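Please open the model in your viewer and keep the selection tool at hand.

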Amino acid sequence: MAEMISLEEARDLVLSRVEALDVETVGLLEAVGRVAAADLKSDIDVSPFAHSAMDGFAVHAAELEAASPKQPVELDVIAEVAAGETYDGPIAAGQCVRIMTGAPLPDAADAVVKYEIVDVVSGDGKPGSRVAFTAATKLRSNIREAGEEAKAGETVVSRGEVLGSAGAGFLAGCGIVEVPVHRRPRVGIISIGSELVDPTDLPTPGKIRNSNSYALAACAQAAGAIPEILPIVADDEDALAAVVAQAVKDYDFVVTSGGASNGDFDFIKPVVERLGELLITTVNMRPGKAQTFGVVEGTPVFGLPGNPAAAYCGFEMIIRPALRKMQGYSSFVRPSVMAKLAADTKKSDKRRLFLRSTLRKEADGTYVVEPAKNQSSGLFGVIQRSNCMAVLPEGEGGRTKGDLVECVLLDVAEETVI
């Protein structure tokens with residue numbers, strides 16, 4: 001295995017070691033945003049009957065062929081049918097039926113003319129009235145046919161399809177209120193470092209609050225997973241090994257932060273190698289070079305750096321895709337756009353550089369990206385105020401103002417077409 005591998009190699013390697021989790025059945029609303037794990041079929045035709053698309057009058061289209069403003073065709077209104085009701089009687093020549101939106105079309109009618117273009121000659125437009133039509137209408141006009149959206153037994157949501165809010169309504173209309181989906185992965189989050197204290201504690205000299213666990217748990221939750229923050233682990237190899245050994249039994253994916261480099265107190269690499277199979281040690285990206293990945297007792301374990309930006313970038317670029325695959329999603333990479341740099345940008349090494357940045361769209365439709373002035377990997381606030389990461393590819397040299405660079409969109413779902 002190479003000392004350092006590309007981001008794409010790292011992502012592909014992690015994806016190759018995870019699979020979609022087992023299937024569970026959840027309520028319709030809980031399934032929104034998740035991936036259907038089976039084809040879902042309607043139990044009836046949708047709609048089960050032909051119905052009016054608007055308020056109007058059910059007529060024989062042929063009877064209005066000669067209608068015009070100068071020679072209107074007058075018809076008697078003999079009945080009224082509202083949504084939820086039916087009219088099964090005949091409609092003779094010279095007659096029509098008042099009909100409301102969603103009401104079943106009488107078998108004796110073959111078109112609907114909307115109320116607003118019909119003149120009331122006498123009465124109030126309801127049964128007993130006489131109305132006039134000043135234009136012809138097409139056969140089956142303003143009618144939603146039976147089975148227009150789905151036929152009984154037809155697949156209405158396919159396996160692998162992400163269920164949207166409209167899809168929930170569609171499935172409800174097809175009689176489906178429970179949906180098989182892949183289980184959400186449970187993710188154990190472990191922060192490593194003798195310097196860390198809980199966020200509720202006031203740090204004493206030499207100590208800092210454990211913020212990474214909350215950021216990474218939030219990232220896991222945003223990816224659809226179920227995170228659990230585990231207690232802080234001190235810089236002790238045996239202690240870390242014991243926690244990881246238990247975590248791989250309790251969770252579907254284990255994420256650690258801190259202790260990912262090669263210092264005297266960096267233990268996640270030797271722990272993964274000791275307990276299982278070590279597959280990744282470094283990735284050609286900045287921030288986030290020191291990243292550990294391996295499999296312990298069949299469970300993926302990923303060790304992120306302790307610096308917030310490095311941990312965040314590693315999670316977004318590599319761990320998030322894996323968590324999505326475990327839920328049955330097929331899109332793993334955030335959308336990106338090309339944008340003009342708002343200012344000259346330096347690059348001090350050959351790694352691929354991810355700059356926390358703000359993307360905006362100009363009046364002429366072009367995108368402009370402005371990297372944050374402070375790109376320190378120790379800052380969370382900069383990420384909070386960013387909506388993308390501007391990418392400078394591997395190799396020497398920065399970029400100048402106006403150059404086009406790729407921008408990975410952090411606030412856009414992977415399935416979105418840009």
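The first stop is the largest pocket, whose volume is about 390 Å³. Please bear in mind throughout that this is a predicted model.

To find the pocket, select T345, K346, L355, A372 and Q375, which lie nearest its centre among the 20 residues that line it. Next, colour the strands β23 (352-361) and β24 (367-371); these are the elements that give two or more residues to the lining of the largest pocket. Of the two, β23 deserves a separate selection, as the largest share of the lining, four residues, comes from this strand. Colouring the lining by residue class shows eight nonpolar, five polar and seven charged residues.

The second stop is a pair of helices. Select helix α1 (residues 7-16) together with helix α7 (residues 308-326): their axes come within 9 Å and cross at roughly 30°. Because angles under 35 degrees count as roughly parallel, α1 is roughly parallel to α7.

Now display the side chains where the two helices meet. On α1, the contact is made by L7, A10, R11, V14 and L15.

Which classes do the residues of the contact of α1 with α7 divide into: nonpolar, polar or charged? Eight are nonpolar and two are charged, while no polar residue takes part.

Technical notes. Residues numbered from 1 in each chain as written. Predicted model: local features only at pLDDT ≥ 70, side-chain atom pairs only at ≥ 80, totals over all residues. Heavy atoms only, no water. Axes fitted to C-alpha atoms, helices over the stretch in contact; angles between N-to-C directions. Parallel < 35°, antiparallel > 145°, perpendicular 65-115°, else oblique. Contact = heavy atoms within 4.5 Å. Nonpolar A, V, L, I, M, F, W, Y, C, P; charged D, E, K, R; others polar. 1 Å grid on protein atoms, 1.4 Å probe; cavity = no way out; pocket = protein on both sides within 12 Å on 5 of 7 lines; lining within 4 Å. Points joined across faces, edges and corners; volume = space filled by probe spheres on them.
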